[in-house]
Amino acid sequence: MEQNNTNRSEIRAETVSKPGSPNNQAEDRPILRTWKHQKSHPLDQILTDLNSGVQTRSRLKNFCAFYAFLSHIEPKNVYEALTDSDWIVAMQEELHQFERNQVWHLVPKPKDRTIIDTKWVFRNKLDEQGTVSRNKARLVVQGYNQEEGIDYEETSAPVVRIEAIRILIAFAAHMEFKLYQMDVKSAFLNSYLKEEVYVMHPPGFENNEFSNHVFKLDKALYGLKQAPRAWYECLSNFLLENGFRRGKVDNTLFLKLRGNIY
Amino acid sequence: MIVQVYADDIIFGATYENLCNEFSKMMKSEFEMSMMGELNFFLGLQIMQTSNGIMIHQQKYIKELLKKFSMDSSKPIDTPISPSTKLVMDDGSSSIEERTYRGMIGSLLYLTASRPDIVFRVGLCARFQSKPK
């Protein structure tokens, strides 16, 4: 953009100076002289951004489908977001999800416990063509206010190494079976917390009736130090209950044998 | 039945198709899931499953890397390094930023998952990381 602007102003300066310089001879010089043929279209007459590329009909279709319902800016803070109805909807969606998953409940404010602040994070999800396809608001906990030993104990959670995946792929190729993939929506909201964690009201959605109450978390939230571990434990318990065996070396691998076959 | 877990992503496969269906049904009853279908992209690794076998590559990752280190217009070279290359401390030339250099090495180390052929030169560069020139 910036480069375009400088180009544009340079060209504008040129076009201004040309008819301006032979000012004293303007009477005998025919006006036609200034209508010089230009090779390229003057930049100051181009309306849209040059980097935006060519619009095709199929792209426009997708664009139109969402354009009216989505905000194209990412608000910097919650006060900015509260002025935009699209973002309010997005925030309400997130809070409804908490309700559905029974993430927290209101309790009277406990003494001598740290109450952790919460914060909204706003992101626009882009599709493959780079147009905004979803406004996503996520309430996160400011985990750096947690105190070790009180608000959390263990935080480490095993993750898979890419080499392990490569071996799995090689094994799948050898055994000639297909691999499938799926993901869990808002995984952390599924996992129960062992520790007692209290958080503040979400900014912008404070309830004045319960101003001396805080939320006690039953399940993990994004930003909590122990959230990934809680989720791993939740998932592995579920799998172990259902007859899976944990891999001895790679703890993120689960096996279930039927007889002698995989 | 094999299940591999990475945070909220799950890969699974079994020698019998119906085991897979059973598993996905079981998971859907417990958690809110979205089925993404056949495995084709995981942790920057692109996977193609064909009847002849499985192919893996990291083309997308490589392109992003080139863009990140603004080398997308650099000239491709067939032989990345001569085996007799010796890296020495050389105070003649000006230093480059150490942080970027280390970032490059780290990114290239991840790339060795699908490109074992670059292991030697990446390892060689990784041995000399202080005051890169």
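This is a predicted model: local features need pLDDT of at least 70, side-chain atom pairs count only at pLDDT 80 or more; totals for chains, interfaces and linings use all residues.
Chain B comprises 4 helices and 6 strands. Read from the N terminus, these elements follow the order β-β-α-β-β-β-β-α-α-α. Of the 133 residues in chain B, 32% are classed as buried. The accessible surface of this chain amounts to about 8,600 Å², and carbon and sulfur atoms contribute 55% of that area.

Within chain B, 3 strands are arranged in an open sheet with the order 4-5-6, and their pairing is antiparallel. In general, strands of a sheet pair through backbone hydrogen bonds, in either a parallel or an antiparallel manner. The antiparallel pairing of strand 5 (residues 45-50) with strand 6 of chain B extends over 5 bridges. Opposite B:I54 of strand 6 in chain B stands B:Q49.

Helix 5 (residues 162-175) of chain A lies across strand 4, strand 5 and strand 6 of chain B, and runs at about 155 degrees to strand 6 of chain B.

The contact between the chains involves 40 residues from chain A and 48 residues from chain B. The size of an interface is often expressed as the accessible area lost when the parts come together. Between chain A and chain B, the buried area is about 4,500 Å², with 66% given by carbon and sulfur atoms. On the chain A side, the residues that lose the most area to chain B are A:Y180, A:Q181 and A:M182, which together account for 22% of what that side buries. Across this interface, 1 salt bridge is found. A salt bridge links the side chains of A:K178 and B:E38, with an N to O distance of 3.7 Å.

Elsewhere in chain B, B:S107 forms part of helix 3 (residues 98-111). The relative accessibility of B:S107 is 9%, and the residue therefore counts as buried, the cut-off being under 20%. When neighbours within four places in sequence are left aside, the contacts of B:S107 are with B:Y61, B:L65, B:K68 and B:F69.

Methods
Residues are numbered from 1 along each chain as its sequence is written. Chains are lettered from A and ligands numbered from 1 in the order in which they are written. Side-chain values use heavy atoms; hydrogens and water are left out. Helices (H or I, at least four residues) and strands (E, at least two) are DSSP runs, numbered from the N terminus. Buried means under 20% relative accessible area, exposed over 50%, partly exposed in between (1.4 Å probe, protein chains only). Accessible areas come from the Shrake-Rupley method with a 1.4 Å probe; for residues, only the protein chains shown count as cover. Two strands pair if DSSP finds at least two bridges between them. Contact means heavy atoms within 4.5 Å. Axes are lines fitted to C-alpha atoms, for helices over the stretch in contact, and angles run from 0 to 180 degrees between N-to-C directions. Buried area is the accessible area (1.4 Å probe) that two parts lose on being put together, summed over both. A salt bridge is a side-chain nitrogen of Lys or Arg within 4 Å of a carboxyl oxygen of Asp or Glu.
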